[in-house]
Amino acid sequence: EMTWDTARKAIDFFLPRARKEGHLRVDFFGGEPLLAFSLMERIVTTIKERIRDRNQELIISVSSNGTVLSQKILDFLIEHDVHIQISIDGEKELQDAKRKFKTSNTGSFDTIMKNLQTIFDRSPGYYKNKVTLKAVITTESLNIPGDDFLRIPLIDTLNTSGGLSVLNKSPHYNLSKDADFFDRLHRLGKLLLEKKDLNTIEEVIERHSYKNKYPFHNT
């Protein structure tokens, strides 16, 4: 865990060199940065105090696994207009298989959804404008049929507002290590062969489910 001494040195290095910038951006990531919330709070408070007389906007973002949330943390996120990106890879079956709590070996899907609901209930506007979800598409994702994940109201809200980001694992073009990626390419090729009257990439993507269109679009 980062110490305050390290954080303070980073602030001392950063602020003088950014004096002429129109805005400053501070991103917290880890590990799980919200486990060090008290340090995060101290960093933000210190930076705001030191730029109080400057005409600069401070933008704060956090990359989180979405499992850590308290009333104090939520108050902080909303008060400081923090952008928070939460990792969730899809349906409960998929998320719970890939992202488990180390202490209990149980899946994290239900905890994340509960925390998303808490954020939405507290401030729908903040939820729609400052919360984003990041999902990673894998072959396991494609094995689960349908787009039920997108029909979950909390997920649909963010997908509609542009708050759902889907990432495709990028290959290193090593057949021995990237079999998963090439397997997905072959699946997408078979899907394309089954479709007719496709003239543009937009028409190709439109015919796919969200799970299939993102790997295709990013290849």
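A cavity is a set of points, on a 1 Å grid over the protein atoms alone, where a 1.4 Å probe fits but cannot get out. Grid points are joined across faces, edges and corners, and a volume is the space filled by probe spheres set on the points. This is a predicted model in which local features need pLDDT of at least 70 and side-chain atom pairs count only at pLDDT 80 or more, while totals for chains, interfaces and linings use all residues. Residues are numbered from 1 along each chain as its sequence is written, and side-chain values use heavy atoms, with hydrogens and water left out.

**View 1. The largest cavity and its lining.** The count comes to one cavity of 30 Å³ or more. The volume of the largest cavity is about 40 Å³. Its lining residues (an atom within 4 Å of a point) are Leu34, Ser64, Gly66, Val68, Leu69, Ile84, Ile86, Asn115 and Ile119. Helices (H or I, at least four residues) and strands (E, at least two) are DSSP runs, numbered from the N terminus. Six lining residues are nonpolar, three are polar and none is charged. Ala, Val, Leu, Ile, Met, Phe, Trp, Tyr, Cys and Pro count as nonpolar; Asp, Glu, Lys and Arg as charged; the others, Gly among them, as polar.

**View 2. The aromatic pair Phe37 and Phe76.** The whole structure holds two aromatic pairs (ring centres of Phe, Tyr or Trp, the last by its six-membered ring, within 6.5 Å; planes under 30 degrees apart are stacked, over 60 edge-to-face, the rest tilted). The centres of Phe37 and Phe76 are 5.2 Å apart and the planes stand at 85 degrees, so this pair is edge-to-face. Phe37 belongs to helix 2 (residues 37–50) and Phe76 to helix 3 (residues 71–79), so the pair ties together parts 39 residues apart in sequence. Both Phe37 and Phe76 are buried. Buried means under 20% relative accessible area, exposed over 50%, partly exposed in between (1.4 Å probe, protein chains only).

**View 3. The aromatic pair Phe120 and Tyr127.** This pair is edge-to-face, with 5.4 Å centre to centre and 90 degrees between the planes. Phe120 is partly exposed at 24% relative accessible area. Tyr127 is buried, at 0% relative accessibility.

**View 4. Surroundings of Tyr126.** Tyr126 sits in helix 6 (residues 124–130). Its relative accessible area is 6%, so Tyr126 is buried. Leaving out residues up to four places away in sequence, Tyr126 contacts (heavy atoms within 4.5 Å) Leu77, Ile78, Asp81, Val82, Ile84, Ile119 and Val131. His83 is 43 residues from Tyr126 along the chain, and their C-alpha atoms are 9.1 Å apart.

**View 5. The largest pocket.** A pocket is an open set of points with protein on both sides within 12 Å along at least five of seven lines. The largest pocket has a volume of about 490 Å³. Its lining counts 20 residues; Met2, Asp27, Phe28, Phe29 and Ile43 lie nearest its centre. Helix 1 (4–17), strand 1 (23–28) and helix 2 each give two or more lining residues. The lining has 15 nonpolar, one polar and four charged residues.

**View 6. The second largest pocket.** This pocket holds about 230 Å³ of space. Asn65, Thr67, Gln95, Arg99, Lys100, Phe101, Lys102, Thr103, Ser108 and Ile112 line it. Two of these residues are nonpolar, five polar and three charged.
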